[in-house]
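Please examine the sequence and the structure before reading on.

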Amino acid sequence: MKSTRRRFMAVSAVSVASLVTSKVAFAQPMLEESAPQAVALGYVEDAANVDTAKFAKYQKGQVCSNCQLYTAKDDKVGACSIFPGKLVAGPGWCNLWVKKAG
């Protein structure tokens, strides 16, 4: 097959597009409770483990999956705008919990 400039441009465009979309395909790592920002905000993977002496704001029933900042459709694990690039546990909690509108 003979190489042409048109073919080169087409292959280049497809290659660049696949590189850009491949970044989205990689799974994001889970937020660890020991991460500095998680510690500062009292993040726990299970809301039943919230230190209520330290975080008196916590009320039973508040979990990441019903927080306004939680952006996933899955109640088990999802993204949170407070922790970019990390996934949080749906049954988790942090001190920035805000009731989901609606």
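**Exercise 1. Describe the chain as a whole.**

Solution. Begin with the contacts, where contact means heavy atoms within 4.5 Å. Among contacts in the protein chain between residues at least 6 apart in sequence, 59% join residues at least 24 apart. The model is predicted: local features need pLDDT of at least 70, side-chain atom pairs count only at pLDDT 80 or more, and totals for chains, interfaces and linings use all residues. Residues are numbered from 1 along each chain as its sequence is written, and side-chain values use heavy atoms, with hydrogens and water left out.

Next, consider the secondary structure, in which helices (H or I, at least four residues) and strands (E, at least two) are DSSP runs numbered from the N terminus. The protein chain has two helices and two strands, and from the N terminus on their order is α-α-β-β.

Accessible areas come from the Shrake-Rupley method with a 1.4 Å probe, and for residues only the protein chains shown count as cover. The protein chain exposes about 7,400 Å², of which carbon and sulfur atoms supply 61%. Buried means under 20% relative accessible area, exposed over 50%, and partly exposed in between (1.4 Å probe, protein chains only). Of the 102 residues in the protein chain, 26% are buried.

**Exercise 2. Locate Met 30 and list its contacts.**

Solution. Met 30 belongs to the loop between helix 1 (5-25) and helix 2. Its relative accessible area is 35%, so Met 30 is partly exposed. With neighbours within four places in sequence left aside, Met 30 touches Val 77, Lys 86, Leu 87, Val 88 and Ala 89. Met 30 and Val 77 are 47 residues apart in sequence, and their C-alpha atoms are 8.7 Å apart in space.

**Exercise 3. Is Ser 65 buried or exposed?**

Solution. First place the residue: Ser 65 lies in the loop between helix 2 and strand 1. Ser 65 counts as buried because its relative accessibility is 18%. Apart from neighbours within four places in sequence, Ser 65 has contacts with Tyr 70, Asp 75, Gly 90 and Lys 100.

**Exercise 4. Which residues does Gln 68 contact beyond its neighbours within four places in sequence?**

Solution. Gln 68 is also in the loop between helix 2 and strand 1. A relative accessible area of 40% is why Gln 68 is partly exposed. The contacts of Gln 68 beyond those neighbours are Val 98, Lys 99, Lys 100 and Ala 101.

**Exercise 5. Where is Ser 81 placed?**

Solution. Ser 81 sits in the loop between strand 1 and strand 2 (87-89). Because its relative accessible area is 48%, Ser 81 is partly exposed. Ser 81 and Tyr 70 are 11 residues apart in sequence, with 6.9 Å from C-alpha to C-alpha.

**Exercise 6. In which loop is Glu 45 found?**

Solution. Glu 45 is found in the loop between helix 2 (36-40) and strand 1 (77-79). Its relative accessibility is 36%, so Glu 45 counts as partly exposed.
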